Amino acid sequence: MMKLPALLHHTLVFCALGFQSSSAFFAPLQRAALKGELKKACERKDVDKILGISEELKKLNPTTDIRKEFNKLEGDWKLDFTTAPAQEVPDDDVTGVKTFQSIDTKSGIIYNIIDRGLPEKGLKIAVGAEATRADRVALDFQTIEAFNDSFPKKVTLRFPPRNFFRTLSKAKSVLTGNSFDEIEFKEIAHFDIIFLDDNLRIQRNSEGNLFVNSRIELLKMTTE
């Protein structure tokens, strides 16, 4: 006959396994429901609803370490909503200007694209991207390419190289008697992953602004 402590132990283990199985079963259903609600909230631009759902999805984020799953960022992403001011990110519905991101994870580059009629008119901003923590991607602004339908057809502006700012930061550390932290330096500009799966990305940048993005290819597939 099984002793009570042993029986209790096996019962607790069974319940724990059952709970894990049920959680694994219900999590995808919860994600799907919340994503559907988020899409509607973005269409209505219901800020409070978007912020609330984003926090709920954060608890169900299937990407637990972006350093190991950096390739999940690959591809083209449409901006559905942001709390960033309109002068920084044009509102497609208001301006008619298309804005999207094209991410090349192999080269570690994010292209922020403002399409005013590309390839003739628009902007293409290249930003280096490096995963530095389980939920954080550090950013390094590199170039701005401006395309025009009149002369000059293309103008390229380059940001000062990161090494320039690194040298200044190291010098400041020496003068103030503080140690130089390479990761902290890289993360001066960054975004934190709140949620990331195959077709939805929610992130918050170092200025505290929220961005909700949908993968463009999958959007096209669902409308064909």
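Modeller: What follows is a set of questions about words and the values behind them.

Modeller: This is a predicted model, in which local features need pLDDT of at least 70 and side-chain atom pairs count only at pLDDT 80 or more, while totals for chains, interfaces and linings use all residues. Residues are numbered from 1 along each chain as its sequence is written, and side-chain values use heavy atoms, with hydrogens and water left out.

Biologist: How many helices and strands does the protein have?

Modeller: The protein has six helices and nine strands, where helices (H or I, at least four residues) and strands (E, at least two) are DSSP runs numbered from the N terminus.

Biologist: What makes the span of helix 2 agree with expectation?

Modeller: The expected span is 1.5 Å times one less than the number of residues, and for the twelve residues of helix 2 (residues 47-58) this should be 16 Å; the end C-alpha atoms are 16 Å apart, which agrees.

Biologist: Why is asparagine 205 called buried?

Modeller: Buried means under 20% relative accessible area, exposed over 50%, and partly exposed in between (1.4 Å probe, protein chains only); asparagine 205 has a relative accessible area of 18%, so it counts as buried. Asparagine 205 belongs to strand 8 (residues 200-205).

Biologist: Which residues of helix 2 are buried, and how do you know where on the helix they lie?

Modeller: The buried residues of helix 2 are Ile50, Ile53, Ser54 and Leu57. Seen down the axis of helix 2, they fall within an arc of 105 degrees (taken from the directions from the axis to the C-beta atoms), so they line one face of the helix. In general, an α-helix has 3.6 residues a turn, so residues three or four places apart point the same way.

Biologist: What does leucine 38 contact, leaving aside its neighbours within four places in sequence?

Modeller: Contact means heavy atoms within 4.5 Å, and with those neighbours left aside leucine 38 is in contact with Ile50, Ile53, Ser54, Leu57, Leu200, Ile202 and Val212.

Biologist: What makes strand 5 and strand 6 a pair?

Modeller: Two strands pair if DSSP finds at least two bridges between them; strand 5 (residues 136-147) and strand 6 (residues 154-158) have five bridges, in the antiparallel sense, and therefore pair.
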